[in-house]
Amino acid sequence: MKFSKKLLTMLLVLAMVFSLCIPALADNDKITIGGLENNTWMTKYGNVNTDCTAEKFSEMGFEWGDLVKVSFLDQELVLPVVPTYSYVDSGKPAIILGKGADGSPDGYVSLAINMGNFAETYQLAQKHKNDDGSWYWTAWEGVSFPVELKFVMAEEDGYRAEYILHDLQRTNVRTDYLSLTDAEFANFRNIGTTGMGENILFRGSSPINPELGRNTYADAALKNAGVTVIMNLADSAVSADAYPGYGDSYYHEQNVIFLNLGVDFQAEEFKTGLAHGLRYFAEHEGVYYVHCTEGKDRAGFVSALLECFMGASYDEVVADYMVTYKNYYGVEPGTDKYEAIAASNIIKSLEKAFGVEDLKTADLKAEAEEYIKEIGLSDDEIAALRANLGRSGEAFVPFSDISESGCREYILGAYDFGIVNGYADGTFRPNAGVTRAQFITMLYRMSGAPAPEKAALDFSDADSIAEPYLDAVNWGVQNGIIKGFADDTFRPDQLISRAQMATFIARFIQMSEIYDEAKMSELVKPYDFADSSDIAAPYAESVNIIANLKIMNGVGNNLFAPDGTANRGMAATVLLRAYQTLFIK
């Protein structure tokens, strides 16, 4: 075929234009794992960092939820693109495209395995530990760095459904979790499963690492629980000592074994370290605590192992593990997300550890004992561990200043139901006054803290309502519990009167439609207080309801004292009585 000179000229021009659209493949366009330096290329857990920025990766057309083929050395893997390793099942690898504070891709692309070690699994490098707990990496035999990688789209949105299921969001801001107690905010709790001694084993987040902003709450909870023996899965003694305030913490004065473990539960290093920790529990009597950083993965696995070891059922083990996801992410039992997280994390991790196909049908106690024996504990050590965990500790008291309060049991009950919180220093301050904003917030927690519509409040003093109380006040207004004063104020910082307290609770009862019209007509009948005439008309019906339900009593001499104020102990008392009256049958 012959081409005219004009056509050849046009083709040549088009070829030149097209070539300008394709960048030259220069060295700086290569994607590599550049070396072995700690936390530059290789992390403590075996995650592998590349020199590919999030921006460059996104420009290549990849985003969260895609399946991407990554090639390096003589290996080729198809991996999901996710913001963090917890978006994939235990033991599964992923491409990590970090998420910044504004929700957009950030940092450098890395490769990781959930509960595993990518560098060693795929024979890139080997980890070594020094006597002081520090670590370093050496190249796998035959591997030299930098190692070049290539990324190619395998299936756009191929992991989208799983990504959405695992997409969990949380903050580390205390006021974002008003429905949680301080202990729950620290993911702190007693493990009370079958076979475990009462108040003997606790688990939670780090009481010393300030990274999550939960350490002071966890440390106060440790003290309140009387914890004396601690298994720290996350830190070395050196790194722990470097945390600000460590020397002044309650934690610092206790018996602690520092294990500095990774998250690969199958690694010999993890098993050896865990054996040291369990042996430490066997050798030291006390009230015990297990933690990592979040108290989620490593602490979750170790706690579940000990629960199985002591005789817990499958349902108990899963339920305790998943409390963490409720505390951090609000994941509720019975949801698809709840089931998916449990199946892809603790269930799969224990099945792999025990070598069973179905955790639900396994003899958990026998499997856990066999596992503990396999990682190195002797029969005598196993017996000592079981005896120590089977003892009962002192009853858990979350507050240090309520032993002399006449409202002690009510405070503890209200705390257990998430109605009241304490302070970061471990106190409840039962004799301190209660403001109107504080009381509506307690009532809001009692209701389950449903998310209110975000609306501007019409009170003339709305700007004076502190941010931690805004959701509760909005909820109260939207449900007719709060009406404010005649001058259009709410007066959030004014101490609440007994008549106002009765009115807030009575309106909640009427809002919830728990009682039918016939029952309510009985409840509004006048209660014969000696000072009934002193109760202002707007409050009279509410006082009658609350008194007839025995939620609030008089103050002596058959007086209600409507204008008297309440303290925190009294508020906890009436709210617990209301909760029991309404919700406990």
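This is a predicted model: local features need pLDDT of at least 70, side-chain atom pairs count only at pLDDT 80 or more; totals for chains, interfaces and linings use all residues.
Tutor: Residues are numbered from 1 along each chain as its sequence is written, and side-chain values use heavy atoms, with hydrogens and water left out.

Student: How many helices and strands are in the chain?

Tutor: Helices (H or I, at least four residues) and strands (E, at least two) are DSSP runs, numbered from the N terminus. Here you get 20 helices and 14 strands. The C-alpha atoms fill a box of roughly 110 × 80 × 45 Å along the principal axes.

Student: What order do the strands take in the open sheet?

Tutor: Two strands pair if DSSP finds at least two bridges between them. The open sheet has seven strands in the order S1-S9-S3-S4-S5-S6-S2, with mixed pairing. S1 (31-33) and S2 (48-53) stand at the edges with a single partner strand each, so one side of each lacks a neighbour in the sheet.

Student: Which strands pair with S3?

Tutor: One partner is S9 (residues 147-155), which pairs with S3 (residues 67-72) in the antiparallel sense over six bridges. Look for Ser71 with its bridge partner Lys150 in S9, and for Phe72 with Leu149. Strand S4 (residues 75-82) is also joined to S3 by six bridges, again antiparallel, and there Leu67 stands opposite Pro80. S3 and S4 form a hairpin with two residues between them, and Leu73 in the turn has a positive phi of about 50°.

Student: Now the helices. How do I read a packed pair?

Tutor: Two packed helices are described by the angle between their axes and the distance between the axes. Axes are lines fitted to C-alpha atoms, for helices over the stretch in contact, and angles run from 0 to 180 degrees between N-to-C directions. Take H15 (residues 436-446) and H17 (residues 498-512): their axes come within 11 Å and cross at roughly 25°. That makes H15 roughly parallel to H17; angles under 35 degrees count as roughly parallel, over 145 as roughly antiparallel, 65 to 115 as roughly perpendicular and the rest as oblique.

Student: Which residues of H15 and H17 meet?

Tutor: Contact means heavy atoms within 4.5 Å. Arg436, Phe439, Ile440, Leu443 and Met446 in H15 meet Gln500, Met501, Phe504, Ile505 and Phe508 in H17. By class, this contact has eight nonpolar, one polar and one charged residues. Ala, Val, Leu, Ile, Met, Phe, Trp, Tyr, Cys and Pro count as nonpolar, Asp, Glu, Lys and Arg as charged, and the others, Gly among them, as polar.

Student: At what angle do H15 and H20 cross?

Tutor: The axes of H15 and H20 (residues 568-583) cross at roughly 30° and come within 11 Å. That makes H15 roughly parallel to H20. In H15, Phe439, Met442, Leu443 and Met446 take part, meeting residues of H20 including Arg568, Ala571 and Val574. The residues of this contact divide into 11 nonpolar, no polar and one charged.
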